[in-house]
Amino acid sequence: MSEISKVITTLGIWAAIVGILVLGDVGPNNMIWVTLIMGAAAAISTGFIWDNKRSGDSAEAAKHKRDSRARRLVEKLDEEDIVELEDLLAARRDDRLTYRAE
């Protein structure tokens with residue numbers, strides 16, 4: 001989630017809370033509890049929106065996981081497999097198909 005969308009979402013949450021509290025028809029006895037509950041809900045929602053571990057980093061973490069998995073796989077290849085992989089990649093780059101000799 002980009003910074004601007006985080007700001008817009010946060011403003012929307014807090015505007016909705018203020019709107020509900022200002023326009024809502026809550027009796028005077030319940031107003032303190034409603035205010036506390038709505039404020040806590042808004043604060044928790046804002047925390048989830050701005051939590052960097054959850055927003056946007058999952059794509060980067062997935063990419064890093066794929067890269068490390070690919071790196072481990074390539075490290076396990078022997079010379080013959082590496083040559084075969086290079087030939088296959090060159091064939092794909094040249095848009096031609098090679099078949100594995102078995």
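**The nonpolar patch and its surroundings**

Reply: Helix 1, which spans residues 3-23, supplies the largest share of the nonpolar patch, namely 4 residues. The patch covers about 480 Å² of the surface and is formed by Ile4, Val7, Ile8, Leu11 and Trp50. These coordinates belong to a predicted model, and helix 1 has the highest mean pLDDT among the elements of the chain, at 86, whereas helix 3 (residues 57-76) has the lowest, at 78.

Thr46 lies in helix 2, which comprises residues 31-50, and it is classed as buried because its relative accessible area is 16%, the cut-off for burial being under 20%. When neighbours within four places in sequence are left aside, Thr46 is in contact with Thr10 and Trp14. The side chain of Thr46 also reaches the backbone oxygen of Ala42, at a distance of 2.8 Å.

The C-alpha atom of Val74 is separated by 9.5 Å from that of Leu85, a residue 11 places away along the chain.

Turning to the chain as a whole, the model contains 4 helices and 0 strands, which follow one another along the sequence in the pattern α-α-α-α. Of the 102 residues in the protein chain, 12% are buried, and the chain exposes about 8600 Å², of which carbon and sulfur atoms supply 61%. Among contacts between residues at least 6 apart in sequence, 59% join residues that are at least 24 apart.

A word on confidence should accompany this description. The average pLDDT of the protein chain is 78, and 80% of the residues score at least 70. Where pLDDT is low, the predicted coordinates should not be read in detail.

Definitions and conventions:
Residues are numbered from 1 along each chain as its sequence is written. Side-chain values use heavy atoms; hydrogens and water are left out. Helices (H or I, at least four residues) and strands (E, at least two) are DSSP runs, numbered from the N terminus. Buried means under 20% relative accessible area, exposed over 50%, partly exposed in between (1.4 Å probe, protein chains only). Contact means heavy atoms within 4.5 Å. Accessible areas come from the Shrake-Rupley method with a 1.4 Å probe; for residues, only the protein chains shown count as cover. A polar contact is a pair of N or O atoms within 3.5 Å; within protein, one must be able to donate a hydrogen and the other to accept it, and residues adjacent in sequence count only if both atoms are side-chain atoms. Patches are made of residues with over 30% relative accessible area and no salt bridge: like charges are joined within 9 Å, nonpolar side chains (Val, Leu, Ile, Met, Phe, Trp, Tyr) within 5 Å. A salt bridge is a side-chain nitrogen of Lys or Arg within 4 Å of a carboxyl oxygen of Asp or Glu. pLDDT is the predictor's confidence in each residue, from 0 to 100.
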